[in-house]
Amino acid sequence: MWGETPTPSEPVNVRSLILVCCPYNSPPSNLHGFPNLCVDEGTHTKRSKNIMGYSFRVRHIANTSTAITDETKISLKRDVPNYPKYTLSQETVDYLKQPTFDIWHWEPNEMLSLLEHMYHELGLVEEFNINPIVLKRWLLCVQENYRNNPFHNFRHCFCVSQMMYGMIHLCKLWERMATEDLGILLTAAVCHDLDHPGYNNTYQINARTELAIRYNDISPLENHHCAVAFQILSNPETNIFANVDKDTFKRIRAGITMLILATDMARHAEIMESFKEKLTSGFNDRNKDHLDTLKMVLIKCCDISNEVRPMEVSEPWVDCLLEEYFNQSDREKMEGLPVAPFMDRDKVTKPTAQIGFIKFVLIPMFETVAKVFTQIDEVMVQPLKTAKDRYEEMKSVEEAQKQH
Ligand SMILES: [Zn+2]
């Protein structure tokens, strides 16, 4: 089998986990077969094992990770012949369209099958005439080029892509844009954090890393994610857009680049202002400029959408994010670089990290998008308000405990 299975540091009571894999020798037309995963869940569910195992990997990697080097690995260590055949139940494929989808439940290879399913289900394989084997190989290569950071890892890539897929369905985006645009949205989501080193742009710039120098301090990370995405697509074996004509490829490249670069939160106010202006003048989805701005806002929403998810799904992500932040601030302290208070383990707690972000960034952004797609209010804005209330309660409990 392929796909990295987390190895927990302490034994976990997962009694047995049997993967039923089929040899990969079926003709291309049968390649959208899916795996059969039989799990005898013991004391720990697969879900909690993923969270726990994950946490181990993170600690391990955090101790061994080094600064970015110039060598970007565009590797493909495993090829599709070992791709297990997965069977996704109707229940799973329906659930996959919901923002409530439990993203912790799936092993890396299962996430690959789910992503693969999205490309088939949205008609992207047909639209871009994608060779199904190239699709599998591309997804494998993308997975291998995400690092095992506490937060910015392949599961985050899956989360953002799954939320994009959910929003495409929730908002029936195919009624407003071409299939090509849906492909740009989903592919940008899949690639948006490729080879993220686990240290943000501020660190890159202050530490004068190779990336900051290469991109002149202008969105160094996002430029890098995008460059890695197109390095992968420059290899015919992993180019899902190999069969489109030159002009289509140019549009796809421009679209994906625009969307990945829009995920830099330093551009948040600029992008939201531009979107609000378009709403005031009357949003028109036949206007390319309007549609481009909407697409940028959509990927931004998906990128920071964890708090839209149910509490059991979203909360472990806060620990992952804080772990990544603390790694960075510890390193900044060691290297004598400025430390942002929101990353400082002496200043931030889970609720304080989330309350302001939900109140001033997430709710206003999703409310703005809800002006175009009213269904977003119930499905996304309401859960955000519930999450904010919960963190406020958590904060009062923390404060009360401090006083004792
Ligand atoms: Zn991201």
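**The zinc site**

Tutor: The zinc ion takes its protein donors from H156 (NE2), H192 (NE2), D193 (OD) and D303 (OD), at 2.1 to 2.2 Å. Donors here are N, O and S atoms within 2.8 Å of the metal (3.2 Å for Na, K and Ca), and since water is not among the atoms, sites may look incomplete. This is a predicted model, where local features need pLDDT of at least 70, side-chain atom pairs count only at pLDDT 80 or more, and totals for chains, interfaces and linings use all residues. Residues are numbered from 1 along each chain as its sequence is written, and side-chain values use heavy atoms, leaving out hydrogens and water.

Student: What spacing do the donors of the zinc ion follow along the chain?

Tutor: The spacing is H-x35-H-D-x109-D. H156 lies in helix 6 (residues 154–170) and H192 in the loop between helix 7 (179–191) and helix 8 (201–206), so this pair ties together parts 36 residues apart in sequence. Helices are DSSP runs (H or I, at least four residues), numbered from the N terminus.

Student: And is H156 buried or exposed?

Tutor: H156 is buried, with a relative accessible area of 1%. Buried means under 20% relative accessible area (1.4 Å probe, protein chains only). H192 is buried too, at 0%.

Student: Switching topic: where does UniProt place the "active site"?

Tutor: At H152, in an unreviewed entry; such annotations may be inferred rather than shown by experiment.

Student: Which residues does H152 touch?

Tutor: Leaving aside residues up to four places away in sequence, H152 touches R147, D193, H196 and E324, where contact means heavy atoms within 4.5 Å. D193 is also one of the zinc donors.

Technical notes:
Helices (H or I, at least four residues) and strands (E, at least two) are DSSP runs, numbered from the N terminus. Buried means under 20% relative accessible area, exposed over 50%, partly exposed in between (1.4 Å probe, protein chains only).
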